[in-house]
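This report describes selected local features of the structure shown below.

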Amino acid sequence: MSFLFSALGGGAVKETDPQETVSKLVDRATHATLLEDRRAAVLGLKAMARDYRQIVGSAALSVLVGVLKTDRMDVEIIKAALETLNVICSFDEDLDGKEGREDLSRLFTEVYTKDPANVTVLLEILEEFEFYIRFNAIQFLTTLLETSSERLQECVLTSPIGISRLMDLLDDSREIIRNESLLLLIALTSNNAEIQKIIAFENAFERLLGIVLAEGASDGDIIVQDCLTLTLNLLRYNVSNQNLFRESSCIQKIPSLLLTHSILQDQQGNPVPTSLTHHANTWNNQKIINAELILELVRILVSPNSPNTTMNQKIMNQGQILLPIIELALSNRVHVKVRTQALNAVGDVIRGNTANQEVLGKYVVMPSSKQTAHEIPTSAILCLVKTALSGESYTLRAAGAYCFQSFVFNNQDNQLALAATLTPPPFDSTSNEQIESPGSLMISSVLDWKASKADPYRAWFATNLLSHIVSENPRCQEMALSVKMDDSDSAEPISLLHKLMYALLVGCREGADIRVILGILALLATWLFGSSQAVKEFLSEGSNLQFLIEQVNASSGVDPLIQGMAAYIISICHEYNDNSEASFTQSSLQSLIVSRIGGDVFMSRIERLKDSKYFQKAALSFHPAGDSKMIPEVYFDAAFVDLLKSSSEPMVRSVINPKGKSAIAAKKNAEMEQLQALVDSYKLKLAQQEYELVESRNILAQTEMMHKEEVSQLKNEIATLNAKATAQSWAPQPISPKIEAPAAAAVTSEMHAKMDALTMELQVKNQQYDVILQEQEDLLVCLAESDITIKSLKDRLRALGQEVPEDDLDDDEDDDDAE
């Protein structure tokens, strides 16, 4: 031991060469026979590792690996070796990769992980229960993962027991070990689908959710956050793990996560699960994070375009998971961050699912006990509209708008129900107040944009919601055309369409925020798109088209975004013009565009709009970056961007090239072609069915004749057999006295055998008779089905305007009906 102390400077005050000292320690750790000497050498390397990392790493790394393999039984030496390796491979911000210095952490990590067996040794060491060994092994694995994640993941996959060892750490009763192992698993599963699958099949979901519930769910501390984060890593973009999560009945456990156990207690003092919307619930930072992660878990399971979304939405409906999320989304007592995430979660759960959309549509927000007595319950949809128009933050308002859009997504009934609310409800004389409806509130927010100049997104969100009501729904577009608004300048009411154009005109002249202008233009474009009636109403007021042409033609003073939107609306008016407005037929409108604007200029306006950065980033409109207190630069809705991108090019081409077919003509031709194809298919089916019917009738007639002959023959044979059997069983032949006893016995046996044979033959004939009767019944059923099919095909042809002659089949059916 004197050698070690002298080498470390424990004796005389004499400077020693670090290279020489490390070499001696390495030699001692390699060749010393006594465990104490090897332990002392490793401790010496540990002491020098931080100050002389490059020297120790270059000389001792392989020796330390050997110690891990050979001296597993000694806690101190393994602990020291792990700590030394961790120091060698850790990243030093002051040294590594700066001022031309080599990144030692990456270099030593590559050396260590070059042989997968070295990583397997670490995973085997995790089997040791001793605290410091497990703790330092986890720390070293985390260091390797931070420095070279892909290589370590490959090494873990090559180890047959690697993942199982790591998952067993979750059952460790020591919180530090469990927490550190969670952090390691989170980093390990961040971007490796194969490891995610293996961990999931190690019963990970049940273990993690069990820890979350045991730690208090949303009331829990950082351990709950780590468990939820790991669960999200396992599910995000991993379809097979999502299937496993659903098949393990873990979705049904989600409602229990959205409860608090720290508010109420029963008579025995046990905590009572309580809703997070309870007035006594308080929101600290950790509870907010936990609730957001739980809601993020819901969103991952029902993310749009995922193959598992439809099934998961159905299970969430059956498990009544949607209701507690709706409560969180619409309660003012919930923290704004949690409300935002809850609104987005509700939007994902109901999007495209009629049953879930119906649950939200029927939900009613009850006033709290602290509110005044005159307040009445409010529908969930009206609450969503109010949130989108005047929420506490932009992200909350955007989440409310997304939830509203999901409510009407692929649901024309919901669109129609909301379109019916565009007309203001009657005045309530009892409360002396004007009753609010979702549609009237949106319209007033658009038309009264001056009242909220400091908040341009009130009008922008209102136009956005209105656009989704009339989008791709002809009936809603027509219902909106029938809405009349009071006009201060005229005694007669004017249509909502012209009222919007008037608001647009005033806004442009008085310098309204560009978001208000673009919102109204987007609403008009969505409303006019595909609706000839709306285009006709729009063109009936000549100043509307004149205003749009002025905006497109302006050389300065008009934002290019507005010019592009105006040009797009003009192209819609040309494309869906049915020529019913004599002043602006399709041809005259095309000539006006070319003469007043010019084809090249017209096209360039729309192209410049599509190239705008604000147009390109519209897909991120609900997740703005930067300070949430500032007004985000969001001008377009993602759905409108998709509409413009998909439709603008053919419509502009139709304007510039008048020889091309318009959308209406193309649509009519397509409809006629589809109708003709449908008629031809019905005629073909009808001919096939009639041919099959004739064949069936012929076969049935032949079969009936054959069956009659066979039945008659069988009846005769059965009668004959019955007579023979009766005669032989009850009138046996007398035995001649001359016949000896053995001969008499043989005759009796022969007669019994004949009788058994006749009985069996009789049973076979009866079975054949039953089969023939069943075949006849089946043929009659097939014939009846053919008659029904032919009748339905003829009815369809008559509905399509085709002449179908009456035949005996129809007459027979009419007679049957009369009877």
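## Glycine 507

Glycine 507 counts as buried because its relative accessibility is 1%; buried means under 20% relative accessible area, exposed over 50% and partly exposed in between, with a 1.4 Å probe and protein chains only. The residue lies in helix α28, residues 496-509. Helices (H or I, at least four residues) and strands (E, at least two) are DSSP runs numbered from the N terminus.

Neighbours within four places in sequence aside, glycine 507 is in contact (heavy atoms within 4.5 Å) with Trp449, Ala512 and Ile517. The C-alpha atoms of glycine 507 and isoleucine 517 are 6.8 Å apart, at a sequence separation of 10 residues.

## Basis of the model

The model is predicted: local features need pLDDT of at least 70, side-chain atom pairs count only at pLDDT 80 or more, and totals for chains, interfaces and linings use all residues. Residues are numbered from 1 along each chain as its sequence is written, and side-chain values use heavy atoms, with hydrogens and water left out.

## Asparagine 464

Helix α26 (residues 456-470) contains asparagine 464, which counts as buried at 5% relative accessibility. Its side chain makes a polar contact of 3.4 Å with the side chain of aspartate 637. A polar contact is a pair of N or O atoms within 3.5 Å; within protein, one must be able to donate a hydrogen and the other to accept it, and residues adjacent in sequence count only if both atoms are side-chain atoms. Beyond four places in sequence, asparagine 464 is in contact with Gln405 and Asp637.

## Helix α12

In helix α12 (residues 193-200), the buried residues are Ile195, Gln196, Ile199 and Ala200. They lie on the same side of α12, because they cover an arc of only 135° around the axis; the arc is that of the directions from the helix axis to the C-beta atoms. Among the elements covering them are α11 (175-188) and α13 (204-214).

At the N-terminal end, asparagine 192 caps α12, with a side-chain oxygen 3.1 Å from the backbone nitrogen of glutamate 194.

Leucine 259 stands opposite serine 275 in β2. The two strands form a hairpin with five residues between them, and glycine 269 in the turn has a positive phi of about 85°.

Note on methods:
Two strands pair if DSSP finds at least two bridges between them.
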